[in-house]
Amino acid sequence: PYLFCSSLDLLPALSGEESTKCFFQELVNILLNYVSASFRRNSKVLDFHHPHQLKEGLEGFRLELPDQPENLEQLLVDCRDTLKYGIKTGHPRFFNQLSSGLDVIGLAGEWLTSTANTNMFTYEVSPVFILMEEVLLRKMQEIVGWSEEMGDGIFCPGGTISNLYSVHLARYYFFPEVKTKGMTDLPRLTLFTSAHSHYSVKKSAAVLGIGSENVVVVKCDDRGRMIPAELEYSIITAKDKGCVPIYVNATAGTTVYGAFDPIRVIADICERHRLWLHVDAAWGGGLLMSKRHRMKLEGIERAWSVTWNPHKMMGAPLQCSAILVKKKGLLQECNQLCAEYLFQTDKHYDTSYDTGDKTIQCGRHVDVFKLWLMWKAKGLEGFGSQVNKCLENAEYLFNKIKQRPDFELVFNSKPEHSNVCFWYIPPSLRNMPPGPERNRRLHEVAPKIKAQMMENGMTMIGYQPLGDKVNFFRCVISNPATQTEDVDFLLEEIARIGQD
Ligand code: ABU
């Protein structure tokens, strides 16, 4: 009978308890069916429709908002349809993004977080979550290699914002007057990042009024790693031109190649020139959890700030991203504005736990509980094994591609992370000599295969051009549900679609 009810019959309505329970039970069934389907290999990853088709209202699924309330039965149908036309990012054959997987404990954490529905700005409304954040940040700092006396940080919305914090802090560290006076009296600041780094460094420069043209893009080797000698040369050249270098971003796990910049050597250069060293380990940070792979981030302990996204390699549900800062108190100093309606100094508890004034936001979502719960469930060792398995699967893919004449690797050495970059070579191009015509035709292959792949809906992988390389596939494995049979399936699906 609840099916004919509206939301007004649910709690807080008097005697709304029973209908609320029924409504949630139905909803949980929908979610559980979705979770189970996400792990079933014979279920589709996606049921693709073009935007105009979805907007037209498929099978009665209407996106437009009504003037009159709709009943609960309709809302449950809408919930089911929302999932039906979405993408199963937890499916073992979803290889499209750095963040994938469906961690059941993480999902439970997210449900609880939404149920608690609170804000991270003050201890008074988030006592438990604020302390969990402190515990997580300390643990992550310890893993990075910072001692007890060092380390601060905050969870914030995604790697780009974490990187924005790093530039914001670096500028404040060298020119604290910027907080009140703005850029008026500042010299021309210069930032350095590699050609393969994430676009967020340039975006940060644009947002902060430094200007994207004042980001020097440092050359990489053929594996996508920053060349330290090029960095030092760029710093000296910038100084000679009268610019003021302040910041270097080293990437631990580049977005496309999964490359690790040589942090230790870059740290030496930063020390020589007294520059802020940031390590963008949004993607590669997860490897710190693995005894086998953490040496790829050797030198990270020398960073002044670190971006680390547990929603990528550690499989936490989106979003979960931290900016770690070596110098205690700097975040607070740089960002605090002491709004008296929120951060009263005469509260009856230790107000250093009102961490909201460290951030550039006011309201802040609770991103920590799911990670805290996952950490309890897996421990450091569990995360380590999860990371190892993903990298083993990537190596399996790499070896498979090496053996096949219909695929070509973008670079021939073993991947450092779980990114494997490759072209599919259709029969008509296999005997064609290298050159502009082959490149022109090869550039069209990946988008065509991807389009058909999305229509079929059984797997999903990304592609992009990079530098002088025409469109190629990038397979990333961060989903612990993925097995070698899924990797085999991906290659077969590409080869099947890619026949001329
Ligand atoms: N830098 C955000 C992640 C991009 C990706 O999933 O490929």
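UniProt, in an unreviewed entry, puts the feature "modified residue: N6-(pyridoxal phosphate)lysine" at K312. Everything here is read off a predicted model. In that model K312 sits in the loop between β7 (305-308) and β8 (321-325), and this lysine is buried.

- What makes K312 count as buried? It has 26 other C-beta atoms within 10 Å, and the cut-off for buried is 20 or more.
- Leaving aside residues up to four places away in sequence, K312 touches L98, S99, A282, W283, G286 and S478.
- The loop that holds K312, between β7 and β8, also holds Q319.

**The ligand**
- Around the ligand you'll find Q97, L98, G159, H198 and T255.
- How does that shell split by residue type? One residue is nonpolar and four are polar, with no charged ones.
- L98 is worth a look on screen: it is one of the residues around the ligand, and it is also among the contacts of K312.

**Overall fold**
- The protein has 15 helices and twelve strands.
- Taken along the principal axes, the C-alpha atoms fill a box of roughly 75 × 75 × 45 Å.
- Buried residues account for 41% of the 500.
- Take the contacts between residues at least 6 apart in sequence: 73% of them join residues at least 24 apart.

**Strands β1, β11 and β12**
- β11 (residues 460-466) pairs with β1 (residues 94-95) in the parallel sense, over two bridges.
- In that pairing, F95 has I461 of β11 as its bridge partner.
- β11 also pairs with β12 (residues 469-476), this time in the antiparallel sense and over four bridges.

- Most peptide bonds are trans, and most residues other than glycine have a negative phi. The spots below go against that background.
- Where are the cis bonds? One runs from L11 to P12, with omega near 15°; P12 lies in the segment before α1 (17-39).
- Another cis peptide bond joins L318 and Q319, with omega about -10°, and Q319 is in the loop between β7 and β8.
- S15 is not a glycine, yet its phi is positive at about 50°. Like P12, S15 belongs to the segment before α1.
- Is S15 buried or exposed? It counts as exposed because it has 8 C-beta neighbours inside 10 Å, and the limit for exposed is 12 or fewer.
- N117, another residue other than glycine, has a positive phi near 45°. Its place is the loop between α4 (104-116) and α5 (127-144).
- N117 has 7 C-beta neighbours inside 10 Å, so it counts as exposed too.

Conventions
Residues are numbered from 1 along each chain as its sequence is written. This is a predicted model: local features need pLDDT of at least 70, side-chain atom pairs count only at pLDDT 80 or more; totals for chains, interfaces and linings use all residues. Two strands pair if DSSP finds at least two bridges between them. A residue is near a molecule or strand if its C-beta atom, placed from the backbone, lies within 6 Å of it. Ala, Val, Leu, Ile, Met, Phe, Trp, Tyr, Cys and Pro count as nonpolar, Asp, Glu, Lys and Arg as charged, and the others, Gly among them, as polar. UniProt positions are given in the numbering used here, feature names are shortened, and annotations may be inferred rather than shown by experiment. Two residues are in contact if their C-beta atoms, placed from the backbone, lie within 7 Å.
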